[in-house]
Amino acid sequence: MYYDIIQASDLTLHLLKTRQDGFVHSVYRKTVNLCIDKTLIALQSNASPLSPISLIADLSEESLRKLNLSEGTPVRVTDTSLLIGSFRFLFQGAKSYSSCLQEELTPAQIALLKERLAAVLLSSHTGGFDAIFHAFQKPGRPLPSPILEGGRQYLLQARQALSQKEYSSASVCLSRLLGLGIGLTPSGDDFLCGVLAGLILSGNGSSSFASLLKEQVAADLHRTNTISQTFLRCALNHRFSPAVLSLAKCPEPGAILASFEAIGHSSGIDTLYGIFFVLDFIENGRV
C-alpha cells in the first residue's frame, strides 16, 4: 500500500537523503516516531502541526491509527520513499518548509512582540508554565503543584543572575528546567526551546549568554526523554516550527494563540513563555 508524504521540514528531508535505515521508535495518537540514524522523525496525520522533525502523511488520524504500526517495526529508506512494514510512504513530492530561524527583530519589534506575547499568556490556562507567568503577574499567588513551584524558583534564580550579567549561573539555573513539568515533552523543555528562539529573534543568538546556555543544555540533555532531546537539539541548531518562525512578523495575539495552541496540550504556550522570558530582559537589543 502506498501513501503520500505531503509536507515535511527541510531538516527531515535532508536526513532521509542519507538513506539510513531505522525502526519505529514509538506510536502515539497522531504520530508515529521513527528512529533514523539515531535521530527521531515524526510521521504525522494530515491535520497535525508542522515541526522541524515532521513528515506529514496524506492520512487522517484514524487512518494512521488503523495501520497498526508498532514499536520496533523496521524502516527502510530509499531515494523516494520510506518502507515501514508493508506500507510505503512516498516523500519525493512533499512540500518542504525551511525550519531555520534567522530573522532578528528591531528594538521596536521586540517591544511589540513582547506586548503581544504577554496578551496571549494572560489569556492562556493550560496548567503548564503559563501558571508560573500568571504567578509572576500576581506576587504571592500560589502554584498548584510542587513541580511548578520548583520551576518558578529556577526562573527567579535565572532572572537574578541575568540582571547581574552572571551568564554562567543563569545558564545552570535554566538548564535545571530540563525534564520538568507536564506533557510528552515536559514544560521545562518547551520553555527552553522558547528561550533559544527568543535569543535568536532578539539578535542575541551568538551572544556569550547564548553560547553558555547552549553548552549547558547540550551537556544536560540526558535529564529528559528522547523526544524532548530531539526538539532541543533542533532548537540548539536554530531549527523551529512554522509557528515560531512566524513570530518574526509580529502577528496579532489571536493569530499567535491559534498557531501555538495547536502544538500539544501545553507545549506551544510553554514555548511562547520561554520567548517572552528572553524578550523581557532585552535592553537595547542585546543581553
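Residues are numbered from 1 along each chain as its sequence is written, and side-chain values use heavy atoms, with hydrogens and water left out. In this predicted model, local features need pLDDT of at least 70 and side-chain atom pairs count only at pLDDT 80 or more, while totals for chains, interfaces and linings use all residues.

**Exercise 1.** State the volume of the largest pocket and describe its lining.

Step 1. A pocket is an open set of points on a 1 Å grid over the protein atoms alone, where a 1.4 Å probe fits, with protein on both sides within 12 Å along at least five of seven lines. Grid points are joined across faces, edges and corners, and the volume is the space filled by probe spheres set on the points. For the largest pocket this volume is about 920 Å³.

Step 2. Lining residues have an atom within 4 Å of a point. The largest pocket has 37 of them, and Thr 185, Phe 231, Ile 263, Gly 264 and Ser 267 are the closest to its centre.

Step 3. Helices (H or I, at least four residues) and strands (E, at least two) are DSSP runs, numbered from the N terminus. At least two lining residues come from each of strand E3 (31-36), strand E4 (39-44), helix H7 (187-201), helix H9 (226-236) and helix H12 (267-279). H9 gives the most, with four residues.

Step 4. Ala, Val, Leu, Ile, Met, Phe, Trp, Tyr, Cys and Pro count as nonpolar, Asp, Glu, Lys and Arg as charged, and the others, Gly among them, as polar. The lining of the largest pocket then divides into 19 nonpolar, 14 polar and four charged residues.

**Exercise 2.** Classify the ring pair of Phe 129 and Phe 191 and find what the pair ties together.

Step 1. Rings of Phe, Tyr and Trp (its six-membered ring) pair if their centres lie within 6.5 Å; planes under 30 degrees apart count as stacked, over 60 as edge-to-face and the rest as tilted. The count is nine aromatic pairs. Phe 129 and Phe 191 are 5.7 Å apart, centre to centre, with 50° between the planes, and the pair is tilted.

Step 2. Phe 129 lies in the loop between helix H3 (107-123) and helix H4 (130-137) and Phe 191 in helix H7, so the pair ties together parts 62 residues apart in sequence.

Step 3. Buried means under 20% relative accessible area, exposed over 50% and partly exposed in between (1.4 Å probe, protein chains only). Phe 129 is buried at 0%, and Phe 191 is buried at 0%.

Step 4. Ring pairs link Phe 129 and Phe 191 into a cluster with Phe 133, Tyr 273, Phe 276, Phe 277 and Phe 281.

**Exercise 3.** Is Thr 78 buried or exposed, and what does Thr 78 contact?

Step 1. Thr 78 lies in the loop between strand E6 (74-77) and strand E7 (81-84). Its relative accessible area is 12%, so Thr 78 is buried.

Step 2. Contact means heavy atoms within 4.5 Å. Leaving aside neighbours within four places in sequence, Thr 78 is in contact with Arg 19, Arg 88 and Phe 91.
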